[in-house]
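Hello,

Here is the structure we talked about. Please have a look before you read my notes.

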Amino acid sequence: METVLLNGRDDAFIRAVEESSGQVVSRCYQCGNCTAGCPMSFAYDYSVSQVMRLIQAGQKDAVLSSKAIWLCAACNTCSQRCPNEINVAGVMDACRQMARREKKFAVRAMRAFVDAFLDSVKFNGRSHEVGIMALYMLYTGRVWTDVELAPKVLPKGKMPLLPHRIKGRSEVAAIIDRYKQGLSDPELARARLAKDAGEESGKGKEAVS
Amino acid sequence: MSGAAFGYFPGCSGLGTSLEYERSTRAVCRELGLTLWDIPDWNCCGSTPAHTVDPVLSAALSARVFAQGARAGIRDVLTPCPSCLSNLRNALEHMEDELFAARVEALTERPLEAGHSVKSVLQVIVEDVGLDKVKERVRRPLTGLKTVPYYGCLMTRPEKIMRFDDPENPQSMDLLLQALGAQVLPFPLKVDCCGGSLGIPVRDSVPRLAGRILELAGELGADMVVVACPLCQMNLDLRQGQIRTRGLDYTIPVPYFTQLMAYAFGLGDEEAAFKLLAEDVAPAFSCMRRRAEEIKAEEARVAALAAQKAAARAGRGAQSRANGAAGGEA
Amino acid sequence: MRIGVFICHCGSNIAGTVDCAAVASKARAYPDVAYSTDIMYACAEPGQDAIIAAIKEHLLTGVVVASCTPRMHEPTFRKTVERAGLNRYMFEMANIREHVSWIGKDIEANTNKAAELVRMAVSKLRLNRELKPKSFPVTKRLLVVGGGVAGIQAALDAADAGLEVIMVEKQPTIGGKMAKLDKTFPTVDCSSCILGPRMVDVAQHPNITLYAYSEVDSISGYVGNFDVKIRKKASYVDWSKCTGCGLCTEKCPSKKSYDRFNEGVGPTTAIIIPFPQAIPKKASIEREYCRQFNTGKCGVCAKVCPTGAIDYGMQDEFIDAKVGGIVAATGYDLMDWTVYQEYGGGRYPDVVTSLQYERMLSASGPTGGHIKRPSDGEEPKDVVFIQCVGSRDVSVGRPYCSGFCCMYTAKQAILTKDHIPDSRSYVFYMDIRSPGKGYDEFTRRVQEEYQARYIRGRVSMVYPKGKKLIVRGADTLMGAQVEIEADLVVLAVGAEAAEGAPHLAEKLRISYDSYGFFMEGHPKLRPVETNTAGVFLAGACQGLKDIPSSVAQGSAAAAKALALLSRDMLDSDPQIASVNLNRCVGCRKCIEVCPFKAIQEIDLRGQPKAEVIETVCQGCGLCNATCPQGAIQLSHFTDNQLLAEVEALCRF
């Protein structure tokens, strides 16, 4: 393993994780309870407590290129049992979102699944299982994923081949598009809030005068 | 509580893989006097994938659901699916923050007023309707049915957001099943993770995690694993065949609690919708009926014995009273 | 009046952010100030000598020292001025460290604030009067509350030195937690073999009166003369007749009672003698389990008792005692670990507490010293120890380290191997805390010689599967999730202050922290004293500690009590209230507010008046603040003195 130069701690990364997750990572004393209870631990490259340690050490690259942050099932067992009341699952969430922004996808299948799901929601307004599976196979090339399940569900009408499209699907598509355009950026929202507040107080003054 | 009305959010799986949950939920709510108004033209809450991308995107999809409800005068929403519940709850919780709400609004372009609430069907039945009411409706008690309740991870966690039951050892479904007459075995894995939505991208996860749950249920001698979550149900039931190829050596049906309620309430097959499950419930029900017979016979034997004893006591009592009276006279 | 002012630098503690010379120079302009200077360390010997020299040279009649908190050095400087021939109350202190230099960085603002505080002190001092303490006799008797090892040590030390001692113990026997232990670390010597003789000494010591199964009901009075009311709880057995033969416990038909002494490891009878070496060895009835009390029918114990000692009609009895000092030694209890639902919350019989495990290991315990699984009585082979269950855990409100669990767990792992040679012990730990003499060597021995498998990590979950318990944990050094199929799981449950500790603290008028541990006078320099004169602390009631430390504190508390009670007379504090009879209108308001019942009504030529009982008054000043006539005044803190301070501060 490479020697880690601890002077090189990326404090901006630590702050970003803390801000996004609302958690204070220095509260973690590395007891390992999160690792102990994690159902997906078997598939991880770093255990959950190691991810926490890497964040504490400001090792941005290692964290954002880890598989662990993508394989977290968001079951909240770690958060529930953390003796220091850290929402560990929230920290994993924050890292995953950060990795996505930085276009780091250590588990490509996860990205494909998420993209397939959101594309289905965007087209139809609702998620459509058959559609998601088709898109997922397309994105990953894993053509035979779960096809053995089809005979159990198709005859029972539990997997309609056609999606239930909603009338307002363009609204839903617009939400996703606006997100992709970056319109939910916190700075934009902050600026708008400040502007609204200014207008409010302006109105107040007029009313008084 | 009868006569209460809720906005109803079935969730996308209700139209597909959890059709049986959807049908039985509607039937059971009707029987319990809960009126469900469907939220008009509702959309997907984004499930885990949207949340994985960004909580703001996830909340924006939820916000449209609430806004659609508000347009129809609906404020209190009911959903059977814990995953939807978790998204909708998280959205409401996060939007208490002004900045977060502003970011959501930038996506929806529809301002959302405060005052919305969302609960699970299970919570409303246990807390608002009450188990006494459920008990009153039972026509076909599940006497002799050995069940283990499986809650999954999302129904009670995170504790601060879900605010329902005990996060480690929830009891609501246990008590509900008991109210239906079923036997509930203590199940230590009732909040263990089944693999959630990782079943597709990480193939190994569900056989391993759901397998562990099914294996223990079988060891305990359960006839059924009873669930409240479409995703858990799919992992435990639909994927049970996959799990069997990895070493699980028996089958066990995995119905929703609402299906067992529909059955116990004496509703029709169409509404209990057991046929839609992957694993057949018939063997479990015949086990139940056999055990019910045994229980009945045992009860009759005990009652007869008690009556015999009581008669003997009464006889002795009369005798001693007579003796006492005689003594008194003497 | 000729006042001297001394501004202390306290090294750089004060001088770092206060211009001490400037403060001294400003003080020269204050009324009656005849001399003013700054000084490096006022409390050090040269500093005190300089104060004495200045008093003599400048014929000073009062002194102000501006330095640290009066809690630290007021007694020091009072003695200094006394040595120079002044009355100790002709001294005032201004706190320019805690109130100024430590809390602000602005030198100019700090210097001004310090000068203001000195001005206040000077203004008050101008109205000070010489006060002379009165002396009162001391009751040479010590009360020890709690009969664990700390209390036993304190009682024996004090009694050996000739003091009369009253010991009050809540349980039917003394011995405390130590009596429940099988062996003790790091020597692995038998706990009851070393404690037993001390318990017997308590029973036999001519100077010790033991009230077991008793509690302190109320305490009044003051240092040297406390009045204590002891409630002797009804044991329903006349202990003057009971010989401890145990016949009643053999014949009692209620055999399903909770066994408090054995931590519920096995059931016991409703009438009990807690254990064979109990002191006193007397029977008592646990009312909630007794058939006689619950159904009105039974009376077996009364029938079999050869001395006729059973008395179902017994009532609680009260005993009044006068003591000069009190040692609180109430120990600890285990926290309620059932909040850990992930460990079963008490639902799994084979998940036991460390204290239950001690009772299983003990030859005098319910299993006769054989380790058996509670579920099926089988001998366990894989035993998992989980540390820090309710210690260092913010999520259950227990952020502190319980201090002794690492060591007793190591001991239990050794004993497990001794009892079952083919067993395997697994210890989940976060850090091994073993700083005592021979302690760390001990924790190495358990790993190297006894092959205990230490796993650095916490356990997330324990659940039953077949006959086994699955322990799901982490080995953080390996970076992996681990699982153990265990036969028995022992939880090192964290400790907390004994049940009812805050309640006792309120009776003793001592403070306690948010966990119920009693507060010492100073964390380093007054570890066994409290801020209430005459009340001392010993053992875990002050903070969790192991047996050696508890014993050391027991001795220390006894020494402190002996120093106090070796004197025949004590000086009363003259800073107490007194009544100006001409002004008093007998409205009784002061009598109503006094928390110490130190004011009584007297009749002066047909007029009702208030009178302060000097020995009872604690000088709190409530009466002074309440009196509508200004008739009752607290010496050294009179209305005029306080107003002078206020006026000195608000001059504009």
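Below is what I found at two contacts, one inside a chain and one between chains. Keep in mind that this is a predicted model.

**Within chain A**

Chain A splits into domain 1 (6-101) and domain 2 (107-166). Their C-alpha centres are 30 Å apart. Four residues of domain 1 of chain A touch five residues of domain 2 of chain A. Together the two domains bury about 390 Å², with 69% coming from carbon and sulfur atoms. Trp70(A), Leu71(A) and Arg100(A) account for 90% of the area that domain 1 of chain A buries there.

The two domains share one salt bridge. Arg100(A) pairs with Asp115(A), and the closest N and O atoms are 3.8 Å apart. On the domain 1 side, the touching residues are two nonpolar, no polar and two charged.

**Between chains C and A**

Chain C gives 19 residues to this contact, and chain A gives 20. The two chains bury about 1,400 Å², 48% of it on carbon and sulfur atoms. On the chain C side, Arg458(C), Ser460(C) and Gln481(C) lose the most area, together 34% of what that side buries.

There are zero salt bridges between chain C and chain A. There are 10 residue pairs in polar contact, both at pLDDT 80 or more. Strands E24 (459-465), E25 (468-475) and E26 (480-486) of chain C each give two or more residues to the side that touches chain A. By class, that side of chain C has six nonpolar, seven polar and six charged residues.

Best wishes

How values were computed:
Residues numbered from 1 in each chain as written. Chains lettered and ligands numbered in written order. Predicted model: local features only at pLDDT ≥ 70, side-chain atom pairs only at ≥ 80, totals over all residues. Heavy atoms only, no water. Domains from an automatic or database assignment. Contact = heavy atoms within 4.5 Å. Buried area = accessible area lost by both parts, 1.4 Å probe. Salt bridge = Lys/Arg side-chain N within 4 Å of Asp/Glu carboxyl O. Nonpolar A, V, L, I, M, F, W, Y, C, P; charged D, E, K, R; others polar. Polar contact = N/O pair within 3.5 Å; in protein donor to acceptor, adjacent residues only side chain to side chain. Helix = DSSP H or I, 4+ residues; strand = E, 2+ residues; numbered from the N terminus.
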